[in-house]
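This report describes how two protein chains meet. The sequence and the model come first, followed by the interface.

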There are 2 protein chains.
Amino acid sequence: MKYTAHINIMPLKELLDPQGKAVSSSLHNLGLTQVQEVRIGKHITLTLDASSKDEAGNMVQDACKKLLANQVMEAFDYTLVEG
Amino acid sequence: MKYTAHINIMPLKELLDPQGKAVSSSLHNLGLTQVQEVRIGKHITLTLDASSKDEAGNMVQDACKKLLANQVMEAFDYTLVEG
């Protein structure tokens with residue numbers, strides 16, 4: 001069966017996010033002064049073949065841990081959708 | 001009232017995503033051969049003050065159009081949560 005995984009990889013809350021800080025001050029300069037905290041991470045969609053949702057979930061976790069996320073600095077979460 | 005926006009900015013479907021292609025072949029090399037298409041974009045969370053959900057939505061759209069997304073190559077979508 002085919003699954004689509006939507007993965008978010010974000011910098012850990014405890015860490016500074018300099019890219020987010022820069023975007024935040026740019027938004028202020030553009031007049032959007034009500035914007036407060038900005039944090040920037042990655043969004044990855046991947047499609048995969050698996051026999052069950054559990055197997056698909058394991059594969060996504062594997063992919064995140066082995067390649068996609070740097071767990072020292074980033075946390076990931078994902079949702080799985082059939083099809 | 002305080003709102004949190006979760007914004008996804010992804011390369012348009014019609015365009016090649018070389019970063020996604022590279023990640024896809026890396027995942028294959030790591031043994032995750034069931035993975036098919038991979039597409040990589042940005043995930044941005046921002047908190048903002050607005051008097052209503054509509055106003056917050058307008059501000060998020062403004063931010064995406066003016067700064068966050070390059071609409072020639074990227075599409076954005078977002079969800080708004082109170083608090």
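## Buried area

About 2700 Å² is buried between chain B and chain A, and carbon and sulfur atoms give 63% of that area. The model is predicted. On the chain B side, the residues that lose the most area to chain A are Gln34(B), Gln36(B) and His43(B), which together make up 20% of what that side buries.

The size of an interface is often expressed as the accessible area lost when the parts come together. Counted by residues, 31 of chain B are in contact with 31 of chain A.

Between chain B and chain A, 14 residue pairs are in polar contact, with both residues at pLDDT 80 or more.

## Elements on the chain B side

Four elements of chain B each give two or more residues to the side that touches chain A: β1 (2-11), α1 (18-29), β2 (35-49) and α2 (53-68). Of these, β2(B) provides the largest share, 15 residues.

By residue class, the side of chain B that touches chain A consists of 15 nonpolar, eight polar and eight charged residues.

## Strand pairing across the interface

Which strand of chain A pairs with β2(B), and in what sense? Strand β2 of chain A, residues 35-49, pairs with β2(B) in the antiparallel sense, over 11 bridges. Within this pairing, Lys42(A) has Lys42(B) of β2(B) as its bridge partner.

Key: Residues numbered from 1 in each chain as written. Chains lettered and ligands numbered in written order. Predicted model: local features only at pLDDT ≥ 70, side-chain atom pairs only at ≥ 80, totals over all residues. Heavy atoms only, no water. Contact = heavy atoms within 4.5 Å. Buried area = accessible area lost by both parts, 1.4 Å probe. Polar contact = N/O pair within 3.5 Å; in protein donor to acceptor, adjacent residues only side chain to side chain. Nonpolar A, V, L, I, M, F, W, Y, C, P; charged D, E, K, R; others polar. Pairing = 2+ DSSP bridges.
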